[in-house]
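Dear colleague,

My notes on it come after.

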Number of protein chains: 2
Amino acid sequence: MKFIIQRDLLLESLQHVMKAISPRVAVPILTGIKIEALPTGIKLTGSDSDISIESFIPKEEDGLVHVEAIETGSIVVQAKYFPEIIRKLPLKTVEISTDEQYQMTIVSGGSEFHLNGQDAMEYPQLPILHTDNSFEVKHDIFKEMIKQTVFAVSTVETRPILTGVNMKIDNGDMTFVATDSHRLASRSIKLDQDFVHIQFDNIVIPGKSLAELNKIIDDTDDTITISVADNQILFQTKNLYFLSRLLDGKYPETDRLIPAESKTSVKVKTKTLLQAIDRASLLAKENRNNVVKLETKENFLQISSNTPEVGQVTEEVVIETIDGESLKISFSAKYMIDALRIVEDEYVMVHFTGAMRPFVLYPENNHDILQLILPVRTY
Amino acid sequence: MKFIIQRDLLLESLQHVMKAISPRVAVPILTGIKIEALPTGIKLTGSDSDISIESFIPKEEDGLVHVEAIETGSIVVQAKYFPEIIRKLPLKTVEISTDEQYQMTIVSGGSEFHLNGQDAMEYPQLPILHTDNSFEVKHDIFKEMIKQTVFAVSTVETRPILTGVNMKIDNGDMTFVATDSHRLASRSIKLDQDFVHIQFDNIVIPGKSLAELNKIIDDTDDTITISVADNQILFQTKNLYFLSRLLDGKYPETDRLIPAESKTSVKVKTKTLLQAIDRASLLAKENRNNVVKLETKENFLQISSNTPEVGQVTEEVVIETIDGESLKISFSAKYMIDALRIVEDEYVMVHFTGAMRPFVLYPENNHDILQLILPVRTY
C-alpha cells in the first residue's frame, strides 16, 4: 500500500472515525484504525462494535486532487499514535506506505515514522445492511432533532431502553423522543413526500451514537440518508458511513404522559427565566436534586431556593401573559435549565396542570418542540 | 456594612483573591473571603496561610465612581458561593449589605440573595512586614522572569527547597534560578540604579506563589514593589497586596553546574527544533522519561526515538551553523520542549560539552536567559 495525501483531509477523516474507537474494547484489533487504499481513494474505518464509522477521502473531488500515487492495499494501525503523528507533521502532504511485515512508514519533510501495524484481514467485517427502509433528511434539521432531545436520555443503565432516543415515523411525520422518566424531550418534523410510506414506532437509537454522529455531520443543508434494518441503523452522507446498533426492548408509551389540558399558562422571556433559575440553583449545589420553587405572583414569577446552612435566594421574572389559576410548584433546576437551553425563541410558553402534575414547555412559535418536566413534592 | 458596586470590578477583585483560597485548608475561616467596606473603598482578602492576597477597589479612580453609598463594616463569606453569585447577577451594579447576625444580602435587579457569613474579627490578621529591603521592577519584565524559570522548579517534595525559585540580587543584577536537579532555568535583569545597594543570595520563593502572582499582575509597564523580610516576601501593585512565605533552607550553589566551555555549538531554528523533538517524543509516551536521541550529521541534527513495541521515528533539523566535534547525546524530550518553549528568538544556540555533561541553550540574542539540561545515559 502506498499513497500521498493532503494532511488536513486525512486528519479530518481520522477525527471522524476516532469517534467510534474506544481504548477499552474487548476485541484488541478494534483499538486500531483500518486504512484501505482503493483505486478511487482512501477509506478509514473505526469501530467499537456498537458504533462503526467509515470515512472516505476520494482521490479527486470537484476538480481537486486529494490523493496521489495510490498503490492499493490495507493495514490496521494503533489509534493511540497515528492521528497525533499526522496532526504534528511538518508539511501539508504526507506519504504513507506499508511493507510485508505490516510496518507503516510515514514521511513528511524531514520527519520519518515507522509504526508497527496489523494485518487488515484480521479486522472484523462491517455488517452489510439489507433494507428498503431508507429515507432522507437535511443535515441541519437532523442535527437540531438530536440536540433538542438527546440530552434527556437516561444516563443510568437500570432501564437500558431509556438510554436511547425513540425514533417514530408515522404518516410522513418523524419524531424523536427521549426520557429518563423524570423529564421528556420531543421534536417532530415533516419528512419529504417521497417517504410518506415509511413507518416505524419502536426504533431506539443509543443516545451516545446520536451524540457522536452530531459531532461529525456538518451544519449544512446537505442530505443524510437513514436506513433501518432489524437491529442496526445506518446514517450515510457523501463520504461518511455511520452504523449503529439499535437498542433491544419496547420503548415505553410516552404520548399519555403529556397533559391534554393546562390549568396555568405563562409566557415569559426564555433567557430571563433561564438565568433566574440558574442563579436560584447556585445555593442548591449541595442537594442532589437541585430543587427550586416557583410561585406565580401578580405580574411576576417568584423563583426561590433555600439551603439553611448556606443561605437563600429569591428571583423575580416578569410575566408577559398569564392565564388560569395561581400556582406553587417545585422542580429540578437542572432539568429546567436543560429544557430552556434548547429554546431559541425569545419567549417560552409554560403550561402547568397543578403542583403534582408534569408541566410542559414550548418555544412560543414552534410546537414541534416539546419539553416535559415532572415536579418534585416539597409543598 | 453596605455599598453599591460595579459588578465587573468586584468580580475581577474576587478572581484575584480567590487565587489564594484553597478548599482544603486547616483553618476553616480561610475557606472564606473577607470583605471590608472602608471609607476609601472595598478591600477583599483571601489566604491559605502560605499566600495572602488583598485586592482593593477604590471608591473613585481617575474620575470614575466605582463604589457608592458606603457604610463601613466587614464580613467573611463562603468563597464557594459568593464569586459565582456575583458573576451571574443580572445587572451591572450590585448592592451588598450585612446585618448583625452576619447575614449578607446581595441585590441586583430581580435577584436577591441572603448568604450566611461569619464575623470578620475571627479572620486571622495578615502579618505586617517590617523591612527596608524594597525595590521595584516593571510588571512585564517581572512576568517574563517568572515565565522563563518557574516551570523548572521541582514538583516533588523530596527536596522542598527545590520547589521554589531562588532570587539573587548582587551589584544591581537580579537573577531568578529554578532547578529540579535534572534541568535548570535562569534569567537575569539589571535593576534600576536606585536599588544597587540591595543584596540577597538565599531568598527562595515558592514556585506556586510566583505562578499565581503571574496570573494576577497585568502585562503592562506599571511598577511592582517587592519587599523582603525574614521569612516573607511582599509584592505590591497599585491595588494589590500579595504576600507569600519564603522557603526555609539553603538553596544549592548552581553556578558551578553551568559548563564554562563547550565542545560542540549548534545554531538552529527554535521552532523547527521544538516541533521535531515534539514529534520524536510521540512514540515515547509510554516510557516515563520520554527520552530522545540527538546526533550531529553533516548539515543537520538527527533526532530519533525507538519504542520497539510501537515503532520508531527519525527527524532531521537543518543546522544553520555548527562548531566543534560531532556528538551523540540522549535527553528528556519534555525538558527540551519546556526549555525551547520560552525561547522567543528565531534561532537558538545549543552548547554541548560531551555526551555525559549538561548542555545549555540560549536565545541567539539574549544571554540573560539560560536553560541547562542534564543528558540521559543511553549510548
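The notes below cover conventions, the contact between the chains, the strands, the annotated domains and a few side-chain pairs.

This is a predicted model, in which local features need pLDDT of at least 70 and side-chain atom pairs count only at pLDDT 80 or more, while totals for chains, interfaces and linings use all residues. Residues are numbered from 1 along each chain as its sequence is written, chains are lettered from A and ligands numbered from 1 in the order in which they are written, and side-chain values use heavy atoms, with hydrogens and water left out.

Interface between the chains

On the side of chain B, 29 residues are in contact with 29 residues of chain A, contact meaning heavy atoms within 4.5 Å. The two chains bury about 2700 Å² between them, with 51% of it on carbon and sulfur atoms; buried area is the accessible area (1.4 Å probe) that two parts lose on being put together, summed over both. Of the area that chain B buries against chain A, 22% comes from B:Y81, B:K88 and B:R279, more than from any other three residues.

Between chain B and chain A there are 20 residue pairs in polar contact, both residues being at pLDDT 80 or more. A polar contact is a pair of N or O atoms within 3.5 Å; within protein, one must be able to donate a hydrogen and the other to accept it, and residues adjacent in sequence count only if both atoms are side-chain atoms. The elements of chain B that give two or more residues to the side touching chain A are helix 2 (82-88), strand 11 (111-118), helix 5 (270-280) and strand 23 (311-324). Helices (H or I, at least four residues) and strands (E, at least two) are DSSP runs, numbered from the N terminus.

Two salt bridges are counted between chain B and chain A, the term standing for a side-chain nitrogen of Lys or Arg within 4 Å of a carboxyl oxygen of Asp or Glu. A salt bridge joins the side chains of B:K88 and A:D278, at 2.9 Å from N to O.

Strand pairing

Strand 11 of chain A (residues 111-118) pairs with strand 23 of chain B in the antiparallel sense over five bridges; two strands pair if DSSP finds at least two bridges between them. Within this pairing, A:L115 stands opposite B:G311, and A:F113 has B:V313 as its bridge partner.

Strands 10 and 11 of chain A form a hairpin with two residues between them, and A:G109 in the turn has a positive phi of about 55°. Strand 8 of chain A (residues 73-78) pairs with strand 11 as well, in the antiparallel sense over two bridges, and A:V76 stands opposite A:Q118 there.

Annotated domains

UniProt, in an unreviewed entry, places the feature "domain: DNA polymerase III beta sliding clamp N-terminal" at residues 1-127 of chain A. That span is 15% helix and 49% strand, and its end C-alpha atoms lie 25 Å apart. UniProt positions are given in the numbering used here, feature names are shortened, and annotations may be inferred rather than shown by experiment.

Side-chain pairs within a chain

Over all chains, the count comes to 44 salt bridges. One of them joins A:D255 and A:K168, at 3.7 Å from N to O. This pair links distant parts of the chain, 87 residues apart: A:D255 is in the loop between strand 19 (240-245) and strand 20 (264-269), and A:K168 is in strand 13 (residues 164-170).

In chain B, B:S188 lies in strand 15 (residues 183-190). Its side chain makes a polar contact of 3.0 Å with that of B:T175.

With kind regards
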